[in-house]
Amino acid sequence: MDWRSAPLRPELAATLVFLEKLTLRPDELDMTDAEAARTAGVSNEALREASTVCALFSMIVRLADSLGWDVPSPESLRARAPAMLEGGYGLDAVGAR
């Protein structure tokens, strides 16, 4: 329920600290935040990928909120999860199941 108290690998915990700051306080993010993640064992590539996913997710959520897009219920998302895990997130993969 709370990633801060969960038994996470140090790399994942450091990545989440970085992403939280990127999301909630981006004006405070600086090189020392990336360095702290690297010190915990996060590679530049992993940090870049996590930041990209975070940014895209944040953008999609903001667009959905502002444009009134329909967001599926948790039950609907759970029902689609096996197909998405098997075939990816492409609409053809999800719609075929």
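**Close-up views of a predicted helical model**

Ala36 is located in helix α2. The model shown in these views is a predicted one.

**View 1. Ala36 in helix α2.** With a relative accessibility of 45%, Ala36 counts as partly exposed. Arg25 lies 11 residues from Ala36 along the chain, and the C-alpha atoms of the two residues are separated by 16 Å. Gly41 follows α2 and has a positive phi, near 105°.

**View 2. The buried and exposed sides of helix α2.** Asp33, Ala34 and Ala37 are the buried residues here. These buried residues fall within an arc of 95° when α2 is seen down its axis, so they line one face of the helix. Met31, Thr32 and Thr39, on the other side of α2, are exposed. The helices against which the buried residues of α2 pack are α1 and α3.

**View 3. Asp33 and its contacts.** Asp33 belongs to helix α2, which covers residues 31–39. Its relative accessible area is 16%; Asp33 is therefore buried, the cut-off being under 20%. Apart from residues up to four places away in sequence, Asp33 touches Phe18, Lys21 and Glu28.

**View 4. The largest nonpolar core.** Nine residues form this core: Ala14, Phe18, Leu19, Ala34, Ala37, Val42, Leu47, Ala50 and Cys54. At least two residues of the core come from each of α1 (10–24), α2 and α3 (44–67). Ala37, one of the core residues, is in contact with Ala14, Val42 and Leu47 when its neighbours within four places in sequence are left aside.

**View 5. The salt bridge between Glu20 and Arg4.** Glu20 and Arg4 form a salt bridge in which the closest N and O atoms are 2.1 Å apart. This pair links distant parts of the chain, with Glu20 in helix α1 and Arg4 in the segment before α1, 16 residues apart. Glu20 has a relative accessibility of 21% and counts as partly exposed. Arg4, in contrast, has a relative accessible area of 51% and is exposed. A network of salt bridges links Arg4 and Glu20 with Asp2.

**View 6. The salt bridge between Glu28 and Arg25.** In this pair, the closest N and O atoms of Glu28 and Arg25 are 3.1 Å apart. Arg25 is partly exposed, with a relative accessible area of 32%.

View 7. Arg78 and Glu75 form a salt bridge, and their closest N and O atoms are 3.8 Å apart. The two residues are separated by about one helical turn, because they are 3 residues apart in helix α4 (residues 74–87). Both Arg78 and Glu75 are exposed. The salt bridges counted in the model come to 7, among them the Arg78 and Glu75 pair.

**View 8. The whole chain, for orientation.** The protein has 5 helices and 0 strands. Along the sequence, its secondary structure follows the pattern α-α-α-α-α. The radius of gyration is 16 Å, well over the 13 Å that the globule rule gives for 97 residues, so the protein is more spread out than a compact globule. The C-alpha trace spans about 45 × 30 × 25 Å along its principal axes. Of the 97 residues, 20% are buried. Where contacts join residues at least 6 apart in sequence, 38% of them are between residues at least 24 apart. The protein exposes about 7,400 Å², of which carbon and sulfur atoms supply 63%.

Conventions
Residues are numbered from 1 along each chain as its sequence is written. This is a predicted model: local features need pLDDT of at least 70, side-chain atom pairs count only at pLDDT 80 or more; totals for chains, interfaces and linings use all residues. Side-chain values use heavy atoms; hydrogens and water are left out. Helices (H or I, at least four residues) and strands (E, at least two) are DSSP runs, numbered from the N terminus. Buried means under 20% relative accessible area, exposed over 50%, partly exposed in between (1.4 Å probe, protein chains only). Contact means heavy atoms within 4.5 Å. A nonpolar core is a set of buried Ala, Val, Leu, Ile, Met, Phe, Trp, Tyr and Cys residues joined through side-chain atoms within 4.5 Å. The arc is that of the directions from the helix axis to the C-beta atoms. The radius of gyration is taken over C-alpha atoms; the globule rule is 2.2 Å times the number of residues to the power 0.38. Accessible areas come from the Shrake-Rupley method with a 1.4 Å probe; for residues, only the protein chains shown count as cover. A salt bridge is a side-chain nitrogen of Lys or Arg within 4 Å of a carboxyl oxygen of Asp or Glu.
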